[in-house]
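Biologist: I am new to this structure. Please show me how to read it, one feature at a time.

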Amino acid sequence: MTTSHYIAGRWVEGQGSDCISVNDPALGQPFAELMAASVGQVDQAVTAARGALHAWKSTSASERAAYLRGFAEQLGQRREALITLQMRNNGKPRHEAEIDLNDAIATFGYYAELAEQLPSKNRDVPLAAPGFSARTRLEPVGVVGLIVPWNFPLVTSAWKLAPALAAGCTVVLKPSEVTPLIEQAYGQIADALGLPAGVLNIINGKAETGAALSNHNGLDKLSFTGSNSVGSQVMRSASAQCRPVTLELGGKSAIVVFDDCDVGQAVEWIVAGITWNAGQMCSATSRLLVQDGIAEALLPRLQEALENLRVGNPLTEEVDMGPLTSQAQWLKVAGYFATAREEGLQCLVGGKALDRDGWFVSPTLYADVPKDSRLWTEEIFGPVLCARRFATEEQAIAETNDSRFGLVATVCSADLDRAERVADALEVGHVWINSVQAVFVETSWGGTKGSGIGRELGPWGLSAYQSVKHVTRCLG
Ligand code: NAD
């Protein structure tokens, strides 16, 4: 049993009624347990954050930047432990766990720099009218609740935590019940750095704990990353209290391959876009749109590449792809395999769970999937790729945009003018051209349509935790 709630600068045991099992998905077995926080402990965490707000927002931007740099350094000092824990609890291959850690470190470093620039953003506003002066002040939003999912725990929390602290907000973070141990590192680092008590609070629990936080009337803002169904509940809570909310939700993104592409290169981008993190990415490019002229050459090569992926336990084998992170996710993906069979989809690779312990599925490819198939329209969150063919650029754009989601897309073409033109026409938050899904802290993250509201990363990620104030003075 692990003590895992960090409230008002102290580690406390959960007083809730839910016992949370922390699992190793490669074995399908638990390796730790903890008690969820009670509703009363959620309240204590929000109260602690409120109590710490005035002093924290009064610190200088350079003091906050120093703490953020401390987070980056301390994450680096915990490198091996954090990589191993992500491999064990998420089932991530080592190189992916390393990239996640590096991303979190880069995020804290980046927002340390933006924090240092904050004083220069509070400037005078030139006015056309005579007799008045005006100045801008960027203030922290206040106490923020951060609710995150399990697929990239270190990263998703860093994308929220670092800009919130940089802006001068105090925080209550609720990690996912599937991966509750990983973000404890942030509490341990807060301890090690002597971050003032109450600035960062971490509470663990399931839906009840998340709902207690999102319904709490002591928050000034809630930032949520997760599913659309929970996101809409979080938005309802926010609307009941007329308070701002950032939502990073699901996706059903497309990768568009034009027939002037190098086949081998395109296969590499397609495979990465659907098998990274075993496809459990909001940004998974799970809809493949392939131009008629290249389809016959590409699909067999893609089939071969997916068949040759090494799938296994990242802690004991050299693998390209690990298991799905939870049994619930494994059952969900298996449900889509059953739907594909019922719909009579043409399966070129996979389409089944692996016959071994743990929550493994085969990388999967369905060809010529009808546009009204549930597998074409719904987020599966697993290594399941659906392919369709297209003839013209206009058709590729129309099919990509024909989705209730709008998170990301990838465009592959040797004709860079065309690739840029298509990128501009896509209704999504981020487009990669001839690339794997490289994410840089300086660029934004977030989607259009059903993929969410707001942006993380870059200066937009910081703005999400700031409130704009103007002071206007009559000079007369
Ligand atoms: P989820 O919505 O089930 O859970 C997310 C978080 O919300 C967890 O911490 C959970 O405990 C909490 N929660 C559950 N019920 C709640 C409630 N009623 N009120 C408040 N909080 C509640 O999502 P998940 O299964 O953990 O993650 C997968 C989903 O996240 C996918 O849809 C994926 O696309 C999305 N996601 C989006 C992004 C993005 O940046 N757009 C990034 C990662 C994941």
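Predicted model: local features only at pLDDT ≥ 70, side-chain atom pairs only at ≥ 80, totals over all residues.

Biologist: Which residues belong to domain 1 and which to domain 2?

Modeller: Domain bounds come from an automatic or database domain assignment. Here the assignment gives 5-249 + 451-474 as domain 1 and 254-441 as domain 2. Their C-alpha centres lie 31 Å apart.

Biologist: What area do domain 1 and domain 2 bury between them?

Modeller: The size of an interface is often given as the accessible area lost when the parts come together. Buried area is the accessible area (1.4 Å probe) that two parts lose on being put together, summed over both. For domain 1 and domain 2 this comes to about 2500 Å², with 63% of it on carbon and sulfur atoms. On the side of domain 1, A26, W150 and S451 lose the most area to domain 2, together 22% of what that side buries.

Biologist: How many residues of each domain are in contact?

Modeller: Contact means heavy atoms within 4.5 Å. By that rule, 32 residues of domain 1 are in contact with 31 residues of domain 2.

Biologist: How many salt bridges does the rule find across the interface of domain 1 and domain 2?

Modeller: A salt bridge is a side-chain nitrogen of Lys or Arg within 4 Å of a carboxyl oxygen of Asp or Glu. Across this interface the rule finds zero salt bridges.

Biologist: Which residues of helix α6 are buried?

Modeller: Helices (H or I, at least four residues) and strands (E, at least two) are DSSP runs, numbered from the N terminus. Buried means under 20% relative accessible area, exposed over 50%, partly exposed in between (1.4 Å probe, protein chains only). An α-helix has 3.6 residues a turn, so residues three or four places apart point the same way. In α6 (residues 184-193), the buried residues are Q184, A185, Y186, G187, I189 and A190. Just after α6, G194 takes a positive phi of about 70°.

Biologist: How many salt bridges does the count come to?

Modeller: The count comes to 19 salt bridges. One of them pairs D100 with K92, the closest N and O atoms being 2.8 Å apart.

Biologist: Are D100 and K92 buried or exposed?

Modeller: D100 has 4% relative accessibility and so counts as buried. K92, at 1%, also counts as buried.

Biologist: Which parts does the salt bridge of E317 and R356 tie together?

Modeller: In this pair the closest N and O atoms are 3.2 Å apart. E317 lies in the loop between α10 (292-307) and α11 (327-343), and R356 in the loop between β13 (346-349) and β14 (364-367), so the pair ties together parts that are 39 residues apart in sequence. E317 counts as partly exposed at 33% relative accessibility, and R356 counts as partly exposed at 35%.

Biologist: With which residue does R388 form a salt bridge?

Modeller: The partner of R388 is E399, with the closest N and O atoms 2.9 Å apart. R388 is in strand β15 (residues 384-390) and E399 in helix α13 (residues 393-401), 11 residues apart. R388 counts as buried at 17% relative accessibility, and E399 is buried with a relative accessible area of 7%.

How values were computed
Residues numbered from 1 in each chain as written. Heavy atoms only, no water.
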